[in-house]
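Please keep the sequence and the structure in view while reading.

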Amino acid sequence: MRFEERSVRTMERYVDSKLYRIRHSAAHVMAQAVLEKFPEAKIAIGPPIEDGFYYDFDLPRPLTEEDLAEIEARMREIIREGYDFTRREVSADEARALFADQPYKLELIEGLDRGGQDEYGEKTSEPVVISTYTQDTFEDLCRGPHVANTREINPDALSITFKAPAGAYWRGDEHREMLTRIYGTAWETAEELEEYLALLEEAKKRDHRVLGVKLDLFVIDPLVGKGLPLWKPKGAILRETLERFLRQAQMERGYQPVVTPHIGKLDLYRTSGHYPYYKDSQYSPIDVDGEEFLLKPMNCPHHIMIYKSELHSYRDLPIRYAEFGTVYRYEQSGELTGLTRVRGFTVDDSHLFVTPEQLLDEFIEVVRLTQFVFGSMGMSDFRVRVGTRDPESDKYVGDDASWEHATASIIQACEQLDLNYVVEVGEAAFYGPKLDFIFRDVLKREWQLGTVQVDYNLPERFELEYIGEDNERHRPVMIHRAPFGSLERFIGILIEHFNGAFPAWLAPVQAVLIPVSDRHLDYAREVAQQLRAAGMRVEVDDSSSRMGAKIRHQTQMRVPWLLIVGDRDIEKSAVSVRLRTGEDLGTMGVKEFISHATYLIDVKSLALD
RNA sequence: GCCACCCUAGCUCAAUCGGCAGAGCAAACGCUUCGUAAGCGUUAGGUUAUGAGUUCAACUCUCAUGGGUGGCUCCA
């Protein structure tokens with residue numbers, strides 16, 4: 001079952017669940033405690049969320065840890081005192097009077113009263129009843145639902161100190177006030193809370209930024225620049241292995257490699273529309289002999305110029321140009337994170353030029369390739385999103401008809417592929433709608449990896465053509481696609497997905513030879529040479545530590561196969577095989593091990609035995 | 001970019017109230033030569049992120065800059 005299906009189902013149950021009411025009620029109790037401590041505070045909204053709840057406040061000063069502890073203690077008191085939650089419906093005017101000194105609530109009331117907006121500022125078609133919930137001295141504008149009494153919240157299964165207070169814009173708008181968001185988590189039992197906190201701790205250890213350093217995969221050095229990762233040898237091998245894998249898959253599917261430079265004239269991007277539509281995410285132009293150049297933010301214009309360099313017949317199509325193209329985008333400093341959000345990254349890019357008749361089939365093939373890529377890694381925890389244009393925004397190029405066409409094709413393909421997709425307005429690329437594969441990292445943040453986009457607009461802007469069967473000129477349609485999305489982000493997610501324990505075909509070091517004592521080193525080196533000759537990535541641990549320490553170290557480095565060699569093994573031209581899981585496969589002849597290991601590598605097995 | 005917090009040896013972290021900067025791991029060297037998750041010893045390693053300021057005295061207090069973390073906004 002896909003992540004998507006699971007989450008939709010659990011979300012449906014969630015709003016009706018007791019846990020949801022507990023968390024919603026805990027948010028109200030928190031607001032009461034905060035208002036008691038800061039009577040001048042302004043309150044915004046406080047909904048339940050996955051794993052907890054939050055409430056946004058406009059506070060007179062920043063919060064300290066002591067403040068949070070105090071608020072949390074007061075919450076427990078309120079809970080134990082046992083107040084009923086009582087609901088009442090009020091008219092808009094009554095509500096305005098009740099919340100006269102709460103500007104954010106007044107704004108919400110306006111939305112409710114005017115209609116078309118619910119409590120959270122979301123659009124709604126339902127007529128809205130204004131209601132409030134009261135516990136003890138605190139009355140909040142709220143549609144509920146809540147528990148009947150504060151005693152239903154377990155004071156020992158509650159925490160608001162587990163996460164630092166955070167900034168959040170009022171109504172998610174960066175031009176509005178910056179509020180202070182306090183996150184809380186609440187469960188039915190203390191055990192569940194403990195389990196949850198333990199899980200968070202575990203997740204931190206899986207963080208690709210932590211593992212990336214530990215496993216020597218990459219570094220990010222401020223002197224080079226933030227958001228500009230440097231790949232160390234082991235990370236580079238992982239990267240190259242992934243590239244080789246996809247190149248092979250693409251070759252089998254009729255893709256052709258192309259190679260293009262990292263900069264291009266500003267006029268190229270004026271033609272494509274990247275400039276000005278994509279201007280905010282680009283670096284300033286570079287002056288070269290009086291002409292302006294841009295670091296490329298996308299590969300499409302370069303690939304388009306290759307298409308345009310000759311006249312194409314319908315017989316040539318589909319044309320599929322592929323390149324691991326490195327692009328540079330300006331990202332605001334606060335949103336850079338490890339490998340998942342960087343300023344220079346490599347897209348496993350391809351642009352397909354197809355006839356309108358070929359579009360659907362090609363699109364489906366591309367989605368299948370993407371599914372194949374994820375399947376090869378055992379990655380199934382993703383959701384599929386159709387990103388469409390926001391008709392009210394002006395950051396898109398092209399006319400309505402081509403957008404409708406493109407969107408319809410994507411939906412049709414999804415239906416035909418029986419994909420469990422969700423349509424999200426405003427998530428399109430500036431030149432066309434897209435189908436995205438979205439994963440979550442260990443901290444549950446969502447990241448778009450694979451993407452497939454349909455584009456009628458760039459062919460128009462560049463006046464692309466092919467000669468049809470009728471000997472007339474026709475306009476091709478473009479598909480932009482990247483199964484990985486970007487190597488950087490993909491590897492970041494991959495590290496967390498495998499907790500650093502990559503399947504053998506991806507592991508930077510596939511086997512390490514561990515001599516029982518130094519006098520077995522020569523044999524170890526000899527065996528290592530044989531494994532290398534068979535195409536394996538092998539190291540010999542000739543450090544000065546003892547065997548036990550080497551086993552421990554190499555296990556922590558997640559090397560798939562530890563090959564221990566001593567007198568007994570030399571005698572039989574063998575190795576003693578131990579897996580990084582701790583499992584002992586016993587003694588195997590060197591040749592036997594090679595055929596065993598290379599087989600598992602060849603078939604890209606996820607298992608080691 | 002915005003709000004908050006953080007920055008001490010390569011890594012993880014100590015250092016009472018403002019009073020001589022310390023440990024483990026890693027590294028180098030030496031001893032040990034060992035059969036499935038840490039053998040022993042020695043040495044080296046620091047302008048406490050950077051720059052100003054307050055003070056008799058700053059890792060500690062203030063300000064600025066850089067970098068990081070958690071959110072928000074924005075995105076592959």
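## Domains

The centres of domain 2 and domain 3, taken over C-alpha atoms, are separated by 42 Å, in a chain A that is divided into domain 1 (3-204), domain 2 (218-498) and domain 3 (511-602), with bounds that come from an automatic or database domain assignment. The model is predicted, and local features need pLDDT of at least 70, while side-chain atom pairs count only at pLDDT 80 or more and totals for chains, interfaces and linings use all residues. Residues are numbered from 1 along each chain as its sequence is written, and side-chain values use heavy atoms, leaving out hydrogens and water.

## The largest core

A nonpolar core is a set of buried (under 20% relative accessible area, 1.4 Å probe, protein chains only) Ala, Val, Leu, Ile, Met, Phe, Trp, Tyr and Cys residues joined through side-chain atoms within 4.5 Å. The largest has 92 residues, of which Met377, Leu435, Leu513, Leu531, Trp561 and Phe593 touch the most other members. Helix α12 gives the most to this core, with nine residues. Because domain 2 (218-498) and domain 3 (511-602) both give residues to this core, it lies between them.

A second, separate core of 32 residues includes Ile22, Phe38, Ile79 and Ala186.

## Around Leu531

Leaving aside neighbours within four places in sequence, Leu531 is in contact (heavy atoms within 4.5 Å) with Ala511, Leu513, Met536, Val538, Leu563, Phe593 and Ile594.

Technical notes
Chains lettered and ligands numbered in written order. Buried < 20%, exposed > 50% of the residue type's maximum accessible area, 1.4 Å probe, protein only. Helix = DSSP H or I, 4+ residues; strand = E, 2+ residues; numbered from the N terminus.
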